[in-house]
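Open the model in your viewer and keep the sequence panel at hand. The stops below say what to select and what is there.

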Amino acid sequence: MLITHDTRCALDTVVDLVNTAPEDDTAPDGLPDLATLTDFVRNHEISDVGVLSESDLSAVREIRDRFAAVFAAPDARAAAGQINELVAAAGTTPRLTDHDGYDWHVHYFAPGASVADHLAADCGMALAFFVVAGEQERLRRCEAPDCRRAFVDLSRNRSRRYCDSRTCGNRLHVAAYRARRKEAAG
């Protein structure tokens, strides 16, 4: 599957956005305030976004929850339904652009769109490409029991199980090794 630069950026953005959601009622929200949203927009180089407001923060949190539902979808049909709703509500307007030193690429949001509509359109289309390619199962959650972070499995053989092999994956492998050694020692 060919993934263009702008699609990869949108995938990274949607994963990072989904991972700002609190995992339970006791965990803090990763988008607690307008300043954090402003940093998120700047760090992900989300273009054509004006001055952000509290209503933008609320709308982005709602979009975040809807993206989380795509990662939780049991099959491609359910994921497609979620993505279709997101993209349709955003008022998608595909257009070619070549801004900020990047070659021609497609933006799916309408000029002047809110940051939530921008995210819904561009990130929704990036996820749609995976469903169209029959690769919806690559939209995953970490299999570590104490982690449910979202990620996109871009491994060649679709074998990635953890959000980060250096943290979650390594931690579980070390625990399994220690359990085997303890059992063998008797």
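Start at the second largest pocket, which holds about 230 Å³ of space in this predicted model. Its lining comes to 13 residues. Select Asp12, Val15, Phe151, Val152 and Arg160, which lie nearest the centre of this pocket. Now colour by element. Helix H1 and strand S4 (150-152) each supply at least two residues of the lining. H1 gives the most, with five residues. Colour by class next: the lining of the second largest pocket has seven nonpolar, one polar and five charged residues.

Move on to the largest pocket. Its volume is about 540 Å³. Select its lining, which is made of 27 residues. Which of them lie nearest the centre of the largest pocket? They are Asp6, Cys9, Ala10, His44 and Glu45. The largest share, seven residues, comes from H1. By class, the lining of the largest pocket divides into eleven nonpolar, ten polar and six charged residues.

How are two packed helices described? By the angle between their axes and the distance between the axes.

On H1, select Val14, Val15, Leu17 and Val18. On H3, select Val60, Arg64, Phe67, Ala68 and Phe71. These residues make the contact between the two helices. The contact of H1 with H3 has eight nonpolar, no polar and one charged residues. Val15 belongs to this contact and is also one of the residues nearest the centre of the second largest pocket.

Next, select Leu127 in helix H5. Is Leu127 buried or exposed? Leu127 is buried, because its relative accessible area is 0%, and under 20% counts as buried. Show what touches Leu127, leaving aside its neighbours within four places in sequence. The contacts are Leu11, Val14, Phe67, Val70, Phe71, Ile83 and Leu139. Among them, Val14, Phe67 and Phe71 also take part in the contact of H1 with H3.

Draw a distance from Leu127 to His99. The two are 28 residues apart in sequence and 23 Å apart in space, C-alpha to C-alpha.

From His99, go to Ser47. Ser47 sits in the loop between helix H2 (34-43) and H3. Ser47 is buried, with a relative accessible area of 13%. Which residues is Ser47 in contact with, leaving aside its neighbours within four places in sequence? They are His99, His107, Phe109 and His118.

Finally, zoom out to the whole chain. Its secondary structure comes to six helices and four strands. From the N terminus on, the elements run α-α-α-α-β-β-α-β-β-α. Along its principal axes, the C-alpha trace spans about 65 × 35 × 35 Å. Colour by burial: of the 186 residues, 38% count as buried.

Conventions. Residues numbered from 1 in each chain as written. Predicted model: local features only at pLDDT ≥ 70, side-chain atom pairs only at ≥ 80, totals over all residues. Heavy atoms only, no water. 1 Å grid on protein atoms, 1.4 Å probe; cavity = no way out; pocket = protein on both sides within 12 Å on 5 of 7 lines; lining within 4 Å. Points joined across faces, edges and corners; volume = space filled by probe spheres on them. Nonpolar A, V, L, I, M, F, W, Y, C, P; charged D, E, K, R; others polar. Contact = heavy atoms within 4.5 Å. Buried < 20%, exposed > 50% of the residue type's maximum accessible area, 1.4 Å probe, protein only.
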